[in-house]
Amino acid sequence: MSKRQRRWGATPWTHEEIPHAPVRAHDPEVAIIGGGFTGASSAYHLAQRGIAATIFEAGRVGDGASGRTGGLVLEGTAAGPLEEVSSNITELDKLVAAERIDCGLHLPGCWEIAHGKSRDQVALPWDDNGQPVHIAATVGGGVVEPARLLNGILKAAVSLGATIQQDTPAARIVTKPRPAVEFAGHTVYPKYIVVAVNAWLPALLANSVSVHSSLTFACATAPLDRVTLDAIGLGEGIPFYTADMPYLWGRTIDDGRVIFGSGLVFGSPGQLEENDVSAGSSHTALTQLQERVRRLHPKLRDFKFSASWGGPIAFTADTVPLLGRLPSCPNIIVSGAYAGHGVALSVRAGQLIARAIAEGAALPRWGALDRKPPRSQRWLR
């Protein structure tokens, strides 16, 4: 479904047109399905190694999770530290510096906040549904403007030889007798296929992956002056997320607006495409988020919101992301289900994917598609 048909609300990010190639029936060495952070990073790091990949994006780049995220930069994964993805922020910082990407990357750390009183930790001046809130820890992290970061990586990849075909949705991925991607009007037979469609994985690989897809929600306040930002405890510009429930995350933008996010509405990829943030369960989730924000502090009570939107997100049952070869066809590599840690992690995943293709290096075992599922799914309850 194209961007014009989606009813997920408007983000505060500005999207740029990316140079893209006309639809062709040629067979690229590497076909990357999905033009978000993972696909862009894979193409960039492959191109650095002299391997020109083609990105096939169903709509316009930035229309999915990467362009609709709030731009929190978090270290590691939602499941905690894992092998080879414990320095994602460092790798992201290196890429941004090397390509001189103007994307507002700022890494002051990130607050883990928790509900309840604490004698030893700094309290935030909030009342979250009757509960006080304090800063439990400061961890590595920061913020970025996601659309500008994505655009910068894609432009760098194109300058090195990658190509992008937008408005080209993959209809089916074939594993035998050889890897292929079927589109509406043609089929390509690349040597390698990278599937980086995140919440849309169940639509393309229904029998090979177990992923829970949903929309998550965010809203941005109108610009707040310095006095107000200081009064609500966010004058330092440090982003935050809760280490307990009910979940809430947030960050400031340079123009004084504050983004807050929370809430999930699960559904199949097709159901998410049809979701309308102005109606039904998604509208309810956004309204509840806005009401919660207004109750946090008296100075937020009467503020209007400048933007409200939803964006796709995906989880495995244990929140460990996918990053592995398709067992039935090792030349197909699948990555996604980052569970809210996708900005730095997906860029690092693309780096590991490029290494696996160019050098035959092993991908980390924790990301294998055939690993045993956990015994419980308590996080979904």
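**View 1. Surroundings of Leu-149 in the predicted model.** Once its neighbours within four places in sequence are left aside, Leu-149 is in contact (heavy atoms within 4.5 Å) with Phe-37, Leu-92, Val-96, Ile-101, Cys-103, Val-144 and Val-343. Together with Val-30, Leu-149 touches the most other members of the largest nonpolar core, which has 49 residues; such a core is a set of buried Ala, Val, Leu, Ile, Met, Phe, Trp, Tyr and Cys residues joined through side-chain atoms within 4.5 Å. At least two residues of this core come from each of β1 (30-33), α1, β2, α3, α4, β12 (192-195) and α9, and α9 gives the most, with ten residues. Apart from this core lies another, of 33 residues, among them Val-188, Leu-201, Leu-204 and Val-334. Residues are numbered from 1 along each chain as its sequence is written, and side-chain values use heavy atoms, with hydrogens and water left out. As this is a predicted model, local features need pLDDT of at least 70 and side-chain atom pairs count only at pLDDT 80 or more, whereas totals for chains, interfaces and linings use all residues.

**View 2. Helix α4 and its covering elements.** Helices (H or I, at least four residues) and strands (E, at least two) are DSSP runs, numbered from the N terminus. Helix α4, residues 146-159, reaches 20 Å from its first C-alpha to its last, close to the 20 Å expected at 1.5 Å a residue, the expected span being 1.5 Å times one less than the number of residues. Ten of the 14 residues of α4 are buried, that is, under 20% relative accessible area, with exposed meaning over 50% and partly exposed in between (1.4 Å probe, protein chains only). The cover over these buried residues includes α1 (37-48), β2 (53-56), α2 (65-68), α3 (88-99), β8 (163-165) and α9 (342-359). α4 is followed by Gly-161, which has a positive phi, near 120 degrees.

**View 3. The buried face of helix α8.** The buried residues of α8 (residues 280-296) are Ser-282, Ala-285, Leu-286, Leu-289, Gln-290, Arg-292, Val-293 and Leu-296. Seen down the helix axis, they fall within an arc of 160 degrees, so they line one face of α8; the arc is taken from the directions from the helix axis to the C-beta atoms. These buried residues pack against β4 (110-115), β5 (123-128), β13 (212-221), β16 (258-266) and β17 (305-315).

View 4. With a disulfide defined as a pair of cysteine sulfur atoms within 2.5 Å, the count comes to zero. Cys-103 is buried, with a relative accessible area of 1%, and its sulfur is 17 Å from the closest cysteine sulfur, in Cys-110, too far for a bond. Cys-329 is also buried, with a relative accessible area of 6%.
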